[in-house]
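Subject: A structure for you, with some notes

Hello,

Here is the structure I promised to pass on. Could you open it next to this message and follow along?

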Amino acid sequence: MLDRYLPEGRRLSAPDNLAACASKGGLLAARDRGAILEGRVLLCDANHDLIVRLGPYTGRIPRDQAALGISEGTTREIAILSRVGKPVCFTVESVEGEEPDLRIVLSRRRAQRQAQEALMERLRPGMVIPATVTHLEPFGAFVDIGGIDGMVHVSELSWSRIKN
């Protein structure tokens, strides 16, 4: 969900994304610029690495780079598994070998971190932003604002008193 907050100028337009993914040179240029590309996840292997389609190539997002919090144990494995068949944003970490046998390593985690930083820079007190309630407690509601968790205190949930 953080993908919608990717920083301006870092995420390539659809035609530029296709061009960057079409050749080894384009992938290397995207790596050097730190550009954020998009591709579709084809499968999740036994190691929970994601295999991603990028133009005529396939790249690999290692498990520890597949989502923020995976390495730290704060994000569940379903965050990786549920990406199969869906588009994901990522950065190019390395491109090795020669065509047609390129070994392309990608990082979704780095793209998520950039999106998180961009979101945090734009947030201001009093802003109204879309959120999804993830669970309720007697003292308030925990919400997801696109990959970042927050809490809304019970006193802010209604204009009238809430008993429970």
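This is a predicted model: local features need pLDDT of at least 70, side-chain atom pairs count only at pLDDT 80 or more; totals for chains, interfaces and linings use all residues.

Q112 is a buried residue, with a relative accessible area of 9%. Its side chain reaches the backbone nitrogen of L68, at 2.7 Å.

**The overall picture**

Stepping back, the protein has 164 residues, and 38% of them are buried. Its secondary structure comes to 4 helices and 8 strands. Along the sequence these follow the pattern α-α-β-β-β-α-β-β-α-β-β-β. The C-alpha trace spans about 65 × 35 × 25 Å along its principal axes. If you take the contacts between residues at least 6 apart in sequence, 54% of them join residues at least 24 apart.

Let me go on with α1, residues 14-21. The buried residues of α1 are N17, A20 and C21. Looking down the axis of α1, you will find that these buried residues fall within an arc of 90 degrees, so they line one face of the helix. The face turned away from that buried side carries the exposed residues P15 and L18. As for what the buried residues of α1 pack against, the partners are α2, β1, β2 and β3.

Helix α2 spans residues 24-33, and its buried residues are K24, G26, L27 and A30. Seen down the axis of α2, the buried residues fall within an arc of 165 degrees, so here too they line one face of the helix. Exposed residues D32 and R33 sit on the face of α2 turned away from the buried side. The cover over the buried residues of α2 includes α1, along with the strands β1 (37-44), β2 (50-54), β3 (57-61), β4 (87-96) and β5 (103-107). Just after α2 comes G34, which takes a positive phi of about 70 degrees.

In β3, the covered face has Y57, G59 and I61, while T58 and R60 are on the uncovered one.

β3 pairs with β2 in the antiparallel sense, over 5 bridges. One of the residue pairs to look for is L54 with its bridge partner Y57 in β3. The hairpin of β2 and β3 has 2 residues between the strands, and in this hairpin G55 takes a positive phi near 55 degrees. With β5, β3 pairs in the parallel sense, over 2 bridges. There, G59 stands opposite I104 in β5.

**The nonpolar core**

Which residues touch the most other members of the largest nonpolar core? They are L37 and V52, in a core of 24 residues. The elements that give two or more residues to this core are α1, α2, β1, β2, β3, β4 and β5. Its largest share, 4 residues, comes from β4. In soluble globular proteins, nonpolar side chains tend to be buried together.

Leaving aside residues up to four places away in sequence, V52 touches G39, R40, V41, L42, Y57, T58, G59, I61, V88, F90 and L106. Among them are Y57, G59 and I61, the residues on the covered face of β3.

β6 and β7, the latter being residues 140-144, pair in the antiparallel sense over 5 bridges.

Happy viewing, and write back with any questions!

Best wishes

Technical notes:
Residues are numbered from 1 along each chain as its sequence is written. Side-chain values use heavy atoms; hydrogens and water are left out. Two strands pair if DSSP finds at least two bridges between them. Buried means under 20% relative accessible area, exposed over 50%, partly exposed in between (1.4 Å probe, protein chains only). The arc is that of the directions from the helix axis to the C-beta atoms. Contact means heavy atoms within 4.5 Å. A nonpolar core is a set of buried Ala, Val, Leu, Ile, Met, Phe, Trp, Tyr and Cys residues joined through side-chain atoms within 4.5 Å. A polar contact is a pair of N or O atoms within 3.5 Å; within protein, one must be able to donate a hydrogen and the other to accept it, and residues adjacent in sequence count only if both atoms are side-chain atoms.
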